[in-house]
Amino acid sequence: MPTTDSQDNRSHVPVMVTEVLDWLNVQPAGTYFDGTIGLGGHATAVHSLLNQQGKLIGFDLDEEALEITRTKFDASSPPVVLHHNSYDKFPEVSFESGYTPVNGMLLDLGLSSLQMDTPERGFSYAADGPLDMRFDKNSGIPASELIRITAESDLADLIYKYGEERRSRPIARSIKHAKSMNSIADLTEAIRRVTPPAHRNRSHARVFQALRIAVNHELDNLIRFLKLFPEHMAIGGRIVILSYHSLEDRLVKQRFKALAAEKVYRILTKKPVRPSADEIAVNRRARPAKLRAAERLS
Ligand SMILES: C[S@@+](CC[C@H](N)C(=O)[O-])C[C@H]1O[C@@H](n2cnc3c(N)ncnc32)[C@H](O)[C@@H]1O
């Protein structure tokens, strides 16, 4: 995800770039899919290893990020093809556009620093802004609307399931009984009222994570992609996934295990690969990252 605190909000420091390149084992003439291209940090590194026969396809739901990335790759050779779409739609787009089979796929899940550090997007509890949290500003409903249409008990379940927050019930009650729930400040105040100061930051982070996952259907998208991606890979092709919380990582781990049991893929990373202490020291947002990789066998 990540940047250091001193960077401006249009930048993003990609996580574990060396490790991503190592595990992807980029073939210069290969076709690569970056399903969460964001500001193109990983994509730039992959692209630098391609020759004229190579191809890079990037998807993202965030039009603002895609615009910046489009400019970055404007005159690049080989060209980079960008799609404003969800990565789980890759199988359909890939068949239509003739991308299948690809030699490598990358998902770098979670938020970019551009999103995290732009208060108007409503992703961070560090600054006030509208309670939105959508990756795609023109589709779906913002977090404020999701809260409005969700019953208190369902909201509590959602906060417990997606945020792994123990105080989900009092928090949901406080949120639903708040006078207004349109801004980040409204939400943080509702959480503040029912959480002890020592645990408050963690509760904020968990509730924000839960709402973001729900607003963007993040786990559904990942489950759909994990089901469909295998047949779009060439034999010997590799998939690398960086996840930032245990719910995502568990899904990736289970799917890779199932594919390995069927002998369709082999798992390359027995344990998830973590960022080095040196990387975390300069980019604290890299800290929760877990990288898993697998290779198509048959
Ligand atoms: C951690 S950032 C990726 C950063 C990127 N690897 C880089 O180096 O700049 C995650 C990106 O995934 C995008 N995203 C989240 N869910 C998505 C989905 N279902 N389909 C496509 N992009 C998605 C977000 O908009 C965000 O730009």
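A residue is called buried if 20 or more other C-beta atoms lie within 10 Å of its own, exposed if 12 or fewer, and partly exposed in between, with C-beta atoms placed from the backbone. The model is predicted: local features need pLDDT of at least 70, side-chain atom pairs count only at pLDDT 80 or more, and totals for chains, interfaces and linings use all residues. Residues are numbered from 1 along each chain as its sequence is written.

**Residue R285**
- R285 counts as buried because 22 C-beta neighbours lie inside 10 Å.
- The loop that holds R285 runs between α13 (277-282) and β7 (290-296); helices (H or I, at least four residues) and strands (E, at least two) are DSSP runs, numbered from the N terminus.
- From C-alpha to C-alpha, R285 and S139 are 27 Å apart in space, and 146 residues apart in sequence.

**Strand β7**
- Six of the seven residues of β7 are buried, so β7 is largely enclosed by the rest of the structure.
- β7 pairs with β5 (residues 233-243) in the antiparallel sense over six bridges, where pairing requires that DSSP finds at least two bridges between two strands.
- V240 stands opposite A293 of β7.
- β6 (residues 265-267) is also antiparallel to β7, joined by three bridges, and R266 has E295 in β7 as its bridge partner.

**Domains**
- The domain assignment, automatic or from a database, gives domain 1 (17-114 + 219-296) and domain 2 (140-216).
- The centres of domain 1 and domain 2, taken over C-alpha atoms, are separated by 30 Å.
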